[in-house]
Amino acid sequence: MKHTPKIIKVSGPAVQAGNMFGCFMGEVVRAGKDKLIGEIIRIEGDTAIVQVYEDTIGLKAGDPVERTGELLSVELGPGLLGGIFDGIQRPLPGLAEHWGDFIHRGALIHRLDREKKWAFKPVVKPGDAVEYGFVIGTVQESEHILHKIMVPEGMKGVVKTVAEGDLAISDIVAVLQDGTEIKMRQRWNIREPRPRSERLPLMVPMITGQRAVDTLFPVAEGGAAIIPGGFGTGKTVLEQTIAKYAQADVIIYIGCGERGNEMADTLHQLTKLKDPHTGKLLLERTILIANTSNMPVAAREASIYTGVTIAEYYRDMGYRVAMLADSTSRWAEALREISSRLEEIPGEEGYPTYLASRIGTFYERAGRARIQGRDQETGSITVIGAVSPPGGDFSEPVTQASLRMASTFWELDYELAYQRHFPAINWRTSFSLAYPRMMAWYREKVGGEWPEMIGRTHAILQREEELSEVLKIVGADAMEDRERADLEAARLIREGYLRQSAVHPTDAYCSIKRQEKMLSLFLEYIDAMLKAVERGMSMDEIAKSPLVERLLRLKEISEESLGEEITDFRAGLKHFFESINR
Amino acid sequence: MSNDLLYREHRSIESVRGPLVFVRAAGNTALEDLASLYLSEGDIRTGQIIEVSEKYAVVQVFGKTERINPETTVIRFHEEGAKFDLSPLVLGRVFSGGGEPIDGLPPVPPLARRDVHGPAINPVRRDLPRDFIQTGLSAVDGLNTLVRGQKLPIFSGAGLPANEMANHIIGNAGVQRKDEKFALVFAGMGITSREADYFKSSFNNSGAIEHSVVFINLADNPVIERILTPRFALTAAEYLAFDMGMQVLVVLTDMTHYCNALREVSSSREEIPGRRGYPGYMYTDLASIYERAGRIKGKAGSITQIPILSMPDDDITHPIPDLTGYITEGQIVLDRGLHRKGIFPPINVLPSLSRLMDRGIGLDRTREDHRQLADQLYMGHARGVEQRRVASIIGEEGLSETDRKYLRFADAFEKEFIHQGPESRTITGTLDAGWELLNILPESEWIRISRELIGKYKKTDLHGAARPQSK
């Protein structure tokens, strides 16, 4: 009795346990009478410090501690899609069913449905040699996702028997000759990246249907983008919009330390909306991980790893996975909170000194790769992480550390947000390092002129930047018509092209083909306008043209009438500038 | 006391440091349990356990630690944390920040007893906030609409009329449909007796007190109690909303005092300070308050929160407004410049925001043109304010004709739309005022509104050419 593990000290989410001889780092334990889930994060002699993933109110010194001998891991298998889980993968609908409207502590529940039967179709036959990553069979998890049951880590051999038909995830689907049994469900330690065979270069963009993103600052499939922005600049709306429209097979959405109402809203939207690419309900391709700001802080830390591990699992099936994390700052703050409870020496702004390396290892789990065990197949994980810098100050450690890791950077701007220009992506400071390598794809799939068009667009916006300084000193009236025309060009791009409504039925999603059509027309108009001014036409005259308003409203025109509007506009354009020329 | 068996007595205080009392061999005590300290003079103090270990417990004392004598003081541990006794009879009552009645009436006979640290709502059980609340203020109703179940703070500054504004909202929000019950929960944290009297007398005058629960922690009341005050208030609100099915409006003022109390307690616990000395867990702590708003599927009631905070030195990047803005669903920002111009409510709409607005407006809720009209007004005002900056350098003459119109729009927007003095406007009145204002700008500039809606809702310019030209 004397030597049973027990709690000796409680301080916030950090609990010190004694008589823990033989425990190991990362081991999952259950603390106290309510059996709260925790993970060992430090060992000193026979005492261990446990990071508890639930509220520690009511824990007492002397309360029992139970060891599990396992690492913190997720359960992988059919039934993940369409699910909504907490930070340590407990299904929230299941928690609600058992314990009601409020989160209950110490809730023990299966991560995936054990009862549900899945139609298992074998791919291997007796006598086949298999090892890690080989596909044993498949299950149609949703209409579009074929779930591949893969050989778990550490298993290798020759198939003796293989099952077929309606099976639950705990049923045995195959037995190897040495007697090893393979089930549909398997576990994976969340802190350990799943292996991949070979990293591949990033040449293809992940199209999001957002003009400011796909046209100016695209994120590569398998790349990483960060969205830093102060509160109210639209991080969450951008993440939600990308979750809805991104060209990806599977979406993992992590609400990390964010608002409960927002999670309810995301869930609501996903259950109502259809995927523009496949026409199926969005929820069928989505997995939500919700650890809201008032749920335990330690589980917030785990939620990011839970999400990325599930992402890797679907990558290993050969899918393009987009992982959206809102917000990585809350995760970093959880690290800080736990670090300070452990009385570690703080680094910059109180964050632990290992902050940058933790952020680094997380973003490195993104990528496009050949799959371990099936070298001819590829899969990818694209990570989009929101960052919430305190006071909107981008020099803070989380933004800076993330910046080094991400190849795409969408800086959200207060000024744009105040004008209700959304997405408030600042075109002066944002960048996409991966763009040059993707240009070949754009040239081939979108249009041969694309690189020139992008160059032109940036030049127009840059010109406005230079002129705005002058404008502030001399005023618009004192400016030359040529300069006013340059300003007008930038205004059209900003208002008519970059600004995009997240709620307008036509505008919310803009296909890359449509982006090309729109941008060509904008540039065509701008060129005609600049030429006309050069020939001596006055800006006052041009401002009277009804074409401007039509151009600004182009984004509202439905897909069916777009072609007609463009043809009609072109005719009007020609007519207008020529008529004045005479 | 009848439940004496629930106490354990100790006479083993080892040391007293600031508000912290270290007790040796405290035995069977749990985190966040309450404790009573009996001083030899017969004085009783309460405290809460903030750290437990095998050898000792750390008790944080609510109120002063003066005259606590380690030799003679007896400490008793209650075997539970802070709880609040609830029944419908809490309505009309006034409590201290620690949940004790201070209106001279006897304690409420309890029907339920709840832990003040309410558990988190399971996100899948949350229902979407979507019912429009008419506050009577155009800057809120028209541009930053409040909906039931939302948490929308007011970012104020020293000397700005946040309390008057809150009072205005309380007066309007209380008017509800007949088949619904409305309740107000008010928590004053670290407020002055003048402020407390202002609210108490206005609740009494309007009769609001009958359906209100009031918690008052004055500036000279214990700091530790201040940390529990919003939690008592929200526990009462949850009972009224989710047990009694009432539409509850919670006003929390002043969150700045609350945060300063949190900092004070943190530093006395010798924790590593974060930005400006506030504890690193302040985000999590504030979230445990603000997130206790919302609606639950299958329940009639709702909790809407209006926390009020003072931005120190009007700085919106200060940790208190900053962390609040990251948790709440928008913010209403008050502006000193507008206040000086005599505009009431002095709401600066540009940094203000209501994230849940889209859920509460539009056809069947307010009116179909609401969203687009609001966008257009925003854009017009933002551009006008920008021109004001330019004009201050180059003079109004340097502006183009269109820009001069924007300048005039921004001025009229502040004087006629934002400003309304003590009067209340209906939502239709607010939207119509917006359409009328748009006439200052040429129609070709109304590009954020669809042509269809322009055709349907455009106001013929009543002022017309008679509108005075700004000089």
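**Domains and the A–B interface**

Chain A comes with four domains: domain 1 (6-71), domain 2 (111-187), domain 3 (200-431) and domain 4 (450-581). Those bounds come from an automatic or database domain assignment. Before I go on: this is a predicted model, where local features need pLDDT of at least 70, side-chain atom pairs count only at pLDDT 80 or more, and totals for chains, interfaces and linings use all residues. Residues are numbered from 1 along each chain as its sequence is written, chains are lettered from A in the order in which they are written, and side-chain values use heavy atoms, with hydrogens and water left out.

First, inside chain A. The C-alpha centres of domain 1 and domain 3 of chain A lie 31 Å apart.

How many salt bridges link domain 1 and domain 3 of chain A? The count is 1. A:R42 pairs with A:E344, with the closest N and O atoms 3.9 Å apart. The rule is a side-chain nitrogen of Lys or Arg within 4 Å of a carboxyl oxygen of Asp or Glu.

Now chain B. Its assignment gives domain 1 (3-80), domain 2 (84-357) and domain 3 (370-457). The centres of domains 1 and 3 of chain B are 62 Å apart, taken over C-alpha atoms.

On to the interface between the chains. Chain A brings 78 residues and chain B 82. Together they bury about 6500 Å², 55% of it on carbon and sulfur atoms. A:F231, A:N261 and A:R420 supply 13% of the area that chain A buries against chain B, more than any other three residues.

There are 8 salt bridges between chain A and chain B. One joins A:K6 and B:E54, at 2.9 Å from N to O.

Finally, the strands. β1(A) and β5 (residues 44-53) of chain B run antiparallel, joined by 2 bridges. Strands here are DSSP runs (E, at least two residues), numbered from the N terminus, and two strands pair if DSSP finds at least two bridges between them. Which residue of β5(B) is the bridge partner of A:K9? That is B:S53.

How values were computed:
Contact = heavy atoms within 4.5 Å. Buried area = accessible area lost by both parts, 1.4 Å probe. Helix = DSSP H or I, 4+ residues; strand = E, 2+ residues; numbered from the N terminus.
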